Amino acid sequence: MTLSVARPSLATGLLRALRPRQWTKNALVLAAPAAAGVLDTPGDAARALVAFVVLSMAAGATYLLNDAADVDRDRMHPVKRARPIAAGVVSVRTARVVGVVLVVSALAVGAGVLGLKFGAVVAAYLLLTTAYTVWLKHMDVLDLVAVASGFVLRAIAGAVAVGVPVSRWFFIVACFGSLFVVAGKRSSEQLALGVDADAVRPILGSYPVTFLVFVRSTAAGVTLLSYCLWAFEKSAAATNGVWFEASVLPFVVAILRYALLLERGGGAAPEELLLRDRTLLVAGGVWATLVLTGVHAG
């Protein structure tokens with residue numbers, strides 16, 4: 001007697017194709033408002049929440065359109081072939097239609113609720129991700145920069161949503177921290193796919209292992225230095241700035257721990273790694289506590 005496995009419904013497949021687990025990346029919209037200490041204001045908190053929802057809509061659209069474009073390659077990937085579009089649960093046409101609807105909705109809600117400047121940031125994010133899907137993911141170096149820029153635009157979107165300025169050091173931390181994560185992701189993908197890396201994701205063949213190690217090391221170094229400069233700048237401007245200075249230690253621990261996990265082959269799914277590793281969770285919790293204490297004590 002053979003048992004048949006129930007095929008997921010279209011609604012379930014669409015939800016999976018939107019990758020809600022990866023929406024955690026959109027929590028970056030909270031970074032600038034939290035650093036400015038405005039999230040305890042109901043109006044600003046609501047605007048930040050709307051920004052999170054809009055960016056999640058835009059990201060979901062990106063995943064649908066990107067997976068529809070990559071369906072043939074994804075079917076060759078040992079993990080990605082189980083994605084709803086590659087598995088045939090969601091048709092390419094349906095993915096594209098829903099993706100376009102989400103694009104229009106994200107732009108309309110973003111600009112209508114949070115203003116034209118926020119709408120412009122969302123538009124920039126969508127243009128970047130579209131360019132990545134069509135062109136940039138096939139270009140070495142620009143591939144890394146494009147994905148990292150998506151993280152940076154999320155952080156900028158949060159600042160624009162609540163109307164707070166972005167510190168130059170905060171901006172540099174966001175840029176190079178994102179580049180560190182993306183380079184680590186590519187390194188882990190190379191390791192996981194092995195000899196099949198070129199066939200599944202051709203751009204991986206453009207990156208020698210030593211190059212990605214160089215990018216990770218450079219990005220990590222700049223991230224650590226710029227965070228120290230941000231922390232001491234905040235400390236000098238605060239009444240009780242020791243909290244910002246103390247936050248350097250858990251930040252360094254988190255960066256070093258993440259670098260170690262990358263050397264062990266982790267990092268292909270950064271959002272899962274960040275939520276799964278106990279040391280990262282503890283370091284992140286201590287860091288957030290110290291920074292938020294400094295913001296509200298100063």
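Reader: At 39% relative accessibility, does Val141 count as buried, partly exposed or exposed?

Author: Val141 counts as partly exposed, because its relative accessibility is 39%; the word buried is kept for values under 20% relative accessible area, exposed for values over 50%, and partly exposed for those in between, with a 1.4 Å probe and protein chains only. Before we go on, note that this is a predicted model, in which local features need pLDDT of at least 70 and side-chain atom pairs count only at pLDDT 80 or more, while totals for chains, interfaces and linings use all residues. Residues are numbered from 1 along each chain as its sequence is written, and side-chain values use heavy atoms, with hydrogens and water left out.

Reader: Where does Val141 lie, and what is its phi?

Author: Most residues other than glycine have a negative phi. Val141, in the loop between α6 and α7, has a positive phi near 70 degrees although it is a residue other than glycine. Helices here are DSSP runs of H or I with at least four residues, strands are runs of E with at least two, and both are numbered from the N terminus. Arg19, which is not a glycine either, has a positive phi of about 55 degrees; it is found in the loop between α1 (10-17) and α2, and it counts as buried because its relative accessibility is 15%.

Reader: How far apart are the end C-alpha atoms of helix α6, and what span should its residues give?

Author: The 19 residues of α6 (residues 116-134) should span 27 Å at 1.5 Å a residue, and the end C-alpha atoms are 26 Å apart, which agrees; the expected span is 1.5 Å times one less than the number of residues. Helix α8, with 26 residues, reaches 38 Å from its first C-alpha to its last, close to the 38 Å expected.

Reader: Which residues of α6 are buried, and what covers them?

Author: An α-helix has 3.6 residues a turn, so residues three or four places apart point the same way. In α6 the buried residues include Phe118, Val121, Val122, Tyr125, Leu128, Thr129 and Tyr132, and what covers the buried residues of this helix includes α3 (42-69), α5 (92-114), α7 (142-162) and α8 (168-193).

Reader: How many residues are in the largest nonpolar core, and which have the most contacts inside it?

Author: In soluble globular proteins, nonpolar side chains tend to be buried together. A nonpolar core is a set of buried Ala, Val, Leu, Ile, Met, Phe, Trp, Tyr and Cys residues joined through side-chain atoms within 4.5 Å. The largest one here has 40 residues, and Phe180, Tyr227, Trp230 and Phe244 have the most contacts inside it. Elements that give two or more residues to this core include α7, α8, α10 (209-237) and α14 (278-297). Apart from it lies another core, of 34 residues, among them Met57, Ala59, Tyr132 and Leu153.

Reader: Which residues is Trp230 in contact with, leaving aside its neighbours within four places in sequence?

Author: Contact means heavy atoms within 4.5 Å, and with those neighbours left aside Trp230 is in contact with Ala35, Ser167, Trp169, Phe170, Phe244 and Val291.

Reader: How many aromatic pairs does the structure hold?

Author: The structure holds seven aromatic pairs; rings of Phe, Tyr and Trp (its six-membered ring) pair if their centres lie within 6.5 Å, and planes under 30 degrees apart count as stacked, over 60 as edge-to-face and the rest as tilted. Phe251 and Trp287 form a tilted pair, 6.4 Å centre to centre with 50 degrees between the planes. Because Phe251 lies in helix α12 and Trp287 in helix α14, this pair ties together parts that are 36 residues apart in sequence. Phe251 counts as buried at 13% relative accessibility, whereas Trp287, with a relative accessible area of 30%, is partly exposed. Ring pairs also link Tyr227, Trp230, Phe244, Phe251 and Trp287 into a cluster.

Reader: Which side chain does Arg257 join through a polar contact?

Author: A polar contact is a pair of N or O atoms within 3.5 Å, where, within protein, one must be able to donate a hydrogen and the other to accept it, and residues adjacent in sequence count only if both atoms are side-chain atoms. Arg257 lies in helix α12, and a polar contact of 2.8 Å joins its side chain to that of Asp277.
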